[in-house]
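Please read this short briefing alongside the sequence and the structure shown below.

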Amino acid sequence: MANKIFIVEDDLPTVELLKFALQSEGFDVAVVHDGITALRSVEKEKPDLILLDVMIPGVDGFEVCQLLKHNIKFMKIPIIMVTAKVRKEDRMLGFEKGADDYISKPFDPIELVSRVKKLLSEKDLKGDSEPK
Amino acid sequence: MEGFNTQRYQMLERFRWMFRVRMLAAGFVFIVYFFVRKINIFGFPFIPFASCCFLEAFVNQPYAFLTKRVKALGALTYTHLIIDIVLISLIIHYLGGIEFAFFSVAYPLIIIIAGIMLSRKACYFVAFVSSIAYSAIVALEFYNLIPHNPLFGFRLDGLHQFGIVAANILFFYFVAFISGYSTDLIQERTRKFEREKKFSENVIATLLDGLVILDVSGRIKEINKAVERMTGLTREEIIGLDITPVLFASASREAFLRAFDEAKTKGEIKGLELELVSGIPVSINASLLKMQEEGENVVAIMRDISKEKAIDKLKTEFISTVTHELLTPLTSISGFVTMMLNGKAGAVTEEQKNFLGIVKRQAAHLKGLIQSMLDFSRIETGRLELHPEPAQVEDVISEVINDMQPQLQEKHINIQVGIKDGLPQVLVDKARLSRAFSNILGNAIKFTPRGRAINISVEDERGYIRIKVMDEGIGISKENLEKVFEKFYQVDSALTRVVGGAGMGLSIAREIIEKHNGQIWVESPGIGGGSTFIFTLPVS
């Protein structure tokens with residue numbers, strides 16, 4: 001079964017780009033445009049990885065990240081923060097909130113896809129080593 | 001009437017024993033007189049004499065009482081002095097008149113007191129009244145109009161009496177002169193001192209910056225109006241209290257205490273940013289200075305920077321939003337172009353590839369410009385902070401040159417790089433240094449015609465690493481050599497239209513290099529001669 005990527009992003013052209021880049025690599029994609037919907041639908045969607053924009057309406061990306069990482073059900077889902085904030089402090093804040101990777105806009109979609117693949121393979125390795 | 005000086009009257013009250021001593025002396029002389037002459041005690045005018053002594057000793061008791069109730073203090077003091085003179089004259093009379101000339105020393109005492117309490121004029125006034133009283137008593141006794149008590153059983157003849165009176169009067173005026181002169185001197189000095197005190201008090205009061213004087217344990221000794229304004233507390237409320245809990249918000253207390261201790265040992269701490277306890281949050285920039293003369297006192301100067309902070313915050317937010325808004329569309333532009341270039345959206349012809357390449361490069365250029373804008377705003381607000389780490393400068397330089405290969409190739413520029421072997425490590429912020437260098441190199445590329453060369457060298461020289469970027473571009477005229485580093489400056493606007501640019505790159509580069517304690521300058525033989533940008537970085 002194809003891995004499912006959950007995109008939280010309010011800028012439609014960027015969503016299109018992410019969708020196109022990921023789908024062309026064979027990923028399943030689910031999209032929401034704001035933080036609250038993201039938190040509501042993450043359980044239903046059961047994604048393998050989340051691409052999370054920081055500046056989204058409602059609850060911002062850092063908070064969404066923190067809430068997910070503090071929830072035992074979702075804490076294992078890798079999160080990549082995607083944002084136009086380029087300052088070092090923001091980057092640090094992202095990692096503090098539990099993000100697994102951080103990519104700043106404008107990003108190279110090919111690089112993004114390769115990072116997604118890398119995180120997913122790391123996750124699989126971890127998942128295998130964990131006692132069931 | 002002359003002005004009465006309350007302050008100096010209070011001082012004088014402390015010397016009231018002088019009056020008592022004077023009267024004790026009178027009593028002592030009386031006893032000697034009594035025993036030596038073995039006079040009949042009933043023959044001596046004992047009662048009036050004793051009354052005069054008593055009155056003289058305590059004449060300033062009712063006077064002190066009245067000074068607190070009477071408004072015309074000058075007139076009161078003159079009256080007091082005249083009563084004093086009359087009583088002294090009577091005592092002299094009872095003690096033997098002119099033969100007791102010794103006792104006329106009492107008059108000069110009154111003259112000195114007049115100087116202390118009033119003025120130079122009062123001294124002469126008392127000298128004058130004393131002369132009249134003294135000569136009147138002598139004259140009245142001389143003509144037997146009042147009884148004379150000859151001391152030690154002898155009496156001076158008229159001529160001697162006249163001589164002694166004249167000498168005494170001269171002495172009175174001499175004392176009046178000395179006393180008056182020193183009074184003037186003291187008054188002048190006091191006035192000057194008070195003026196200066198008032199002046200500095202006014203300066204402190206009108207200061208817009210808050211000023212707090214602290215003792216060694218951090219208790220508030222004095223504050224000015226600005227502190228009252230900032231905190232909303234009055235002077236009376238906080239004098240004598242420990243400054244830390246009274247003025248500062250809990251988050252700032254520890255920082256203040258640390259700085260306070262440091263100020264006591266080092267003598268001076270500057271640029272301390274603290275929050276005040278107040279209705280609305282007040283941010284201050286504080287300096288602490290140990291006072292040189294007054295023991296261990298510390299002066300705290302506090303400037304309200306709430307407004308600056310609010311504006312700074314607004315600016316940061318604004319720039320962060322604008323950057324975000326600009327970078328978001330750029331993401332999809334360059335992202336889709338990348339996808340197309342990589343054939344993810346179907347086959348692309350060579351020409352399409354070429355065009356898409358241009359779009360991609362321009363998008364990258366735009367991203368660079370937005371980055372510059374961000375840097376620029378940080379430089380403007382003075383918040384360009386370096387995160388230095390030891391690094392090889394030549395590595396940073398090579399990386400930048402590599403990144404700029406597409407631009408170099410596009411213009412067919414031949415780049416020659418000469419790096420000296422074994423260069424020492426330097427403490428630099430790699431990201432910032434690479435921005436500075438790419439701005440300089442970008443500038444060189446921009447102004448170098450197609451197919452010409454750029455020469456780059458990295459060397460070390462007497463504690464400095466020196467980086468040279470030599471281009472074969474249009475060059476810079478002498479008068480513009482300094483201006484190229486100014487903000488938004490473009491040497492030739494007609495040319496600028498051809499090459500493009502906002503005039504921020506070199507200004508940012510200079511800012512970064514100078515932050516690293518380096519230097520940057522440009523050399524050029526003039527228009528058409530190419531230019532050489534040189535910057536140095538200190539080897540730590």
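Is the crossing of α5(B) and α7(B) left-handed or right-handed? The crossing is right-handed, where a crossing counts as left-handed if the near helix is turned anticlockwise from the far one by less than a right angle, and as right-handed if clockwise. This is a predicted model, in which local features need pLDDT of at least 70 and side-chain atom pairs count only at pLDDT 80 or more, while totals for chains, interfaces and linings use all residues. Residues are numbered from 1 along each chain as its sequence is written, and chains are lettered from A and ligands numbered from 1 in the order in which they are written.

**Helix pair in chain B**
- The axes (lines fitted to C-alpha atoms, for helices over the stretch in contact, with angles from 0 to 180 degrees between N-to-C directions) of helix α5 (residues 73–95) and helix α7 (residues 120–142) of chain B come within 10 Å and cross at roughly 30 degrees.
- That makes α5(B) roughly parallel to α7(B), since angles under 35 degrees count as roughly parallel, over 145 as roughly antiparallel, 65 to 115 as roughly perpendicular and the rest as oblique.
- Helices (H or I, at least four residues) and strands (E, at least two) are DSSP runs, numbered from the N terminus.

**Sheet in chain A**
- Five strands of chain A form an open sheet in the order β2-β1-β3-β4-β5, with parallel pairing; two strands pair if DSSP finds at least two bridges between them.
- The edge strands, each pairing on one side only, are β2 (28–32) and β5 (101–104) of chain A.
- Strand β4 (residues 79–83) of chain A pairs with β5(A) over four bridges in the parallel sense, and the bridge partner of A:Thr83 in β5(A) is A:Ser104.
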